[in-house]
Amino acid sequence: MTLPEAAPATGSRRVLVTGAGGMLARDLVPALRHAGHVVTAMDRADLDVTDASECLAGVEGHDLVVNCAAWTAVDAAETNEAAAFAVNAVGAANLAAAARRAGARMVQVSTDYVFDGAATEPYAVDHPIAPRSAYGRTKAAGEWAVRALCPESWVVRTAWLYGAGGGNFVATMLRLSGERDTLSVVDDQVGQPTWTADLADLIVRLVATSGTYGVHHGSSSGRTTWRGLAQAVFEERGLDPDRVQPTSTEALALPAPRPSWSVLSHDSLEQAGIKPIRDWRAALAAYLADGPPA
């Protein structure tokens, strides 16, 4: 079946990207500029999203705000929920209020952690949220704030991000492959490894459309486990995947509960005529072909 094309918006935009020092923003900023947008990139030193007055001043003069600023230390959030809430919820609310005042649109990047992780089918965008961790609760609050304060907005949930702009699971596996004979990796969590370059491309395509406001899922197609991802990394480098041994989430005894199921449905994108992100394995091969540091 041929999907209808989403209606294009006209002209380039003046875009503010927050959290510019993070892994996603490092791919998103050049992708937006390549698409013809004029981008202002601000990291935490440039803009404190927890300060409402700074957000008002920073957003002024922009047509679009893409919020990549986030507290992403999942385990640390369990004992610092107020601090995580300040960034993930209050910060998102401050930017959304500033965007609405400036007449701007907004993209809020969110997470699979807003779900309980107990499903067996891909989570639809309208599936009831039920976060089990402090991180998930604060990101869910940020989603609500953005949708309430800036109706002309997109919430893009993603999962299992990796990229060249920062530390991540793939980079860790590359490093450990040269340091250890065998590795033990969790094999009871299922999700969609997502390259930040692919997510950046999706965001650029999404904001180029009209009539698509709301929640969408920006994760790779397909699914695997963390062990499956580690084995794929080994295979792509010509290494023996059997060096990656299975272990359980319970054995790690981490402070924050992890979703055992993080597979997200892309039906809302397809219904809007927007092509979802490619299969995770094809993306991984492309990422490794670019020569990330081992």
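Which residue of E2 does valine 17 stand opposite? Valine 17 faces alanine 41 in E2. The model is predicted: local features need pLDDT of at least 70, side-chain atom pairs count only at pLDDT 80 or more, and totals for chains, interfaces and linings use all residues. Residues are numbered from 1 along each chain as its sequence is written, and side-chain values use heavy atoms, with hydrogens and water left out.

Start with the parallel sheet. It is open, and 6 strands form it in the order E2-E1-E3-E4-E5-E10. Two strands pair if DSSP finds at least two bridges between them. The edge strands are E2 (38–42) and E10 (214–217), and each pairs on one side only. Direction ignored, neighbouring strands of this sheet are turned by 20° against each other on average. Strand E1 (residues 14–18) runs parallel to E2, and 5 bridges join them. Strand E4 (residues 105–111) pairs with E5 over 6 bridges, also in the parallel sense. In that pair, methionine 106 stands opposite serine 153 of E5.

Now look at E5 itself. This strand is mostly covered, with 6 of its 6 residues buried. Buried means under 20% relative accessible area, exposed means over 50%, and partly exposed lies in between (1.4 Å probe, protein chains only). Ser153, Val155 and Arg157 point one way from E5. Trp154, Val156 and Thr158 point the other way.

Next come the helices on the sheet. H5 lies across E4, E5 and E10 and runs at about 160° to E4. H7 touches strand E3 (64–67), E4, E5 and E10, and its direction makes about 160° with that of E5. Contact means heavy atoms within 4.5 Å. Axes are lines fitted to C-alpha atoms, for helices over the stretch in contact, and angles run from 0 to 180 degrees between N-to-C directions.

H5 (residues 134–149) also packs against helix H4 (residues 81–102). The angle is about 15° and the axes are 8 Å apart. H4 and H5 are therefore roughly parallel to each other. Angles under 35 degrees count as roughly parallel, over 145 as roughly antiparallel, 65 to 115 as roughly perpendicular and the rest as oblique. H4 passes H5 in a right-handed crossing. A crossing is right-handed if the near helix is turned clockwise from the far one by less than a right angle, and left-handed if anticlockwise. The contact includes Phe85, Asn88 and Arg100 of H4 and Tyr135, Lys139 and Leu149 of H5. By class, it has 14 nonpolar, 3 polar and 4 charged residues. Ala, Val, Leu, Ile, Met, Phe, Trp, Tyr, Cys and Pro count as nonpolar, Asp, Glu, Lys and Arg as charged, and the others, Gly among them, as polar.

How do H1 and H7 meet? Helix H1 (residues 23–34) packs on helix H7 (residues 196–207) at about 45°, with axes 8 Å apart. H1 and H7 are therefore oblique to each other. The crossing of H1 past H7 is right-handed. Met23, Leu24, Asp27, Leu28, Ala31 and Leu32 in H1 meet Thr196, Ala197, Leu199, Ala200, Ile203 and Val204 in H7. This contact has 10 nonpolar, 1 polar and 1 charged residues.

Take alanine 31, found in helix H1. Alanine 31 is partly exposed, at a relative accessible area of 22%. Leaving out residues up to four places away in sequence, alanine 31 touches Ala200 and Val204. Its C-alpha atom is separated by 9.9 Å from that of leucine 202, 171 residues apart along the chain.

Another open sheet has 3 strands in the order E11-E8-E13, with mixed pairing. Its edge strands are E11 (224–225) and E13, each pairing on one side only. Strand E8 (residues 190–191) pairs with E11 in the antiparallel sense over 2 bridges. Glycine 191 stands opposite threonine 224 in E11.

Finish with two loop residues. Tryptophan 160 has a positive phi of about 50° although it is not a glycine. Tryptophan 160 is in the loop between strand E5 (153–158) and strand E6 (161–162). Alanine 253 also has a positive phi, near 50°. Alanine 253 is in the loop between helix H9 (249–252) and strand E13 (261–262). Are these residues buried or exposed? Tryptophan 160 is buried, at 10% relative accessible area, whereas alanine 253 is exposed, at 63%.

Key. Helix = DSSP H or I, 4+ residues; strand = E, 2+ residues; numbered from the N terminus.
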